[in-house]
Amino acid sequence: MQRDGSDLNPPTVIAPTRMQSIAMFCVFLSMTMGRLKAGAALTSVGSGTWYHSLNKAPFNPPDWVFAPVWTCLYVMMAVAAWRVWCRVDAAGRKMALLLFTLQLSLNLYWSLLFFEQQLVGLAMAELLLLLIVISYTWVRFRAIDRMAGWLFLPYVIWVVFAGLLNGAILALN
């Protein structure tokens, strides 16, 4: 411990270079697009005759709606995570990005439970956990970067809607 008190100064935060920033945006975009591709593979495995034979809510969108909505949401999520990453001096940044990664994994696990395993009830329970983690991620993102919060909010809303769809399938079948 130094006697002049200089050990009390926080370390200097170095802003990322333009190339580092671009590289990290590509990392976040790859993460979300990889999740999208993996989820699409699981969905195609389980969405054959089983999914189409299920009774669904009258407000269930047609199948063609899901791919473009999820694509837009995942791009927005990547931008939101990148914006949080760029805030190198923000308190709670590491936790927010850890939550982001966790929710991506939970999201993929829902696809596995629902479409591949056809465990609608367990998928619903997992979706509730996912919604908690997503909501907490949104709160953390919003506290760090307001625009990141706005970019993440449609995802929160869509997962609430997905929960209604999952719940309706559970109740009707």
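## Pocket terms

The search runs on a 1 Å grid over the protein atoms alone. A cavity is a set of points where a 1.4 Å probe fits but cannot get out. A pocket is an open set with protein on both sides within 12 Å along at least five of seven lines. Lining residues have an atom within 4 Å of a point. Grid points are joined across faces, edges and corners, and a volume is the space filled by probe spheres set on the points.

## Model and conventions

This is a predicted model; local features need pLDDT of at least 70, side-chain atom pairs count only at pLDDT 80 or more, and totals for chains, interfaces and linings use all residues. Residues are numbered from 1 along each chain as its sequence is written, and side-chain values use heavy atoms, with hydrogens and water left out.

## Fold

The protein chain has six helices and zero strands. Its pattern along the sequence is α-α-α-α-α-α. Helices (H or I, at least four residues) and strands (E, at least two) are DSSP runs, numbered from the N terminus. The C-alpha trace spans about 75 × 30 × 25 Å along its principal axes.

Of the 173 residues in the protein chain, 40% are buried. Buried means under 20% relative accessible area, exposed over 50%, and partly exposed in between (1.4 Å probe, protein chains only). Contact means heavy atoms within 4.5 Å. Among contacts with a separation of 6 or more, 80% join residues 24 or more positions apart.

## Largest pocket

The largest pocket has a volume of about 630 Å³. Its lining holds 29 residues, and Thr43, Phe66, Trp70, Trp110 and Phe115 lie nearest its centre. Two or more lining residues come from each of H1 (18-46), H2 (49-53), H3 (63-86), H4 (93-116), H5 (120-144) and H6 (146-172). H6 gives the most, with seven residues.

The lining divides into 18 nonpolar, nine polar and two charged residues. Here Ala, Val, Leu, Ile, Met, Phe, Trp, Tyr, Cys and Pro count as nonpolar, Asp, Glu, Lys and Arg as charged, and the others, Gly among them, as polar.

## Nonpolar core

A nonpolar core is a set of buried Ala, Val, Leu, Ile, Met, Phe, Trp, Tyr and Cys residues joined through side-chain atoms within 4.5 Å. The largest has 47 residues. Trp70, Phe100, Phe114, Phe141, Phe152, Tyr155 and Val159 have the most contacts inside it. H1, H2, H3, H4, H5 and H6 each supply at least two residues of this core. H3 provides the largest share, eleven residues.

Trp70 also lies among the residues nearest the centre of the largest pocket. Not counting residues up to four places away in sequence, Trp70 touches Leu36, Asn107, Tyr155, Trp158 and Val159.

## Single residues

Beyond four places in sequence, Thr137 touches Ala96, Leu99, Phe100, Gln103 and Phe152.

Gln118 sits in the loop between H4 and H5. Its phi is near 60°, a positive value in a residue other than glycine. Gln118 is partly exposed, at 37% relative accessible area. Thr17, in the segment before H1, is partly exposed at 43%. Thr17 and Leu36 are 19 residues apart in sequence and 28 Å apart in space, C-alpha to C-alpha.
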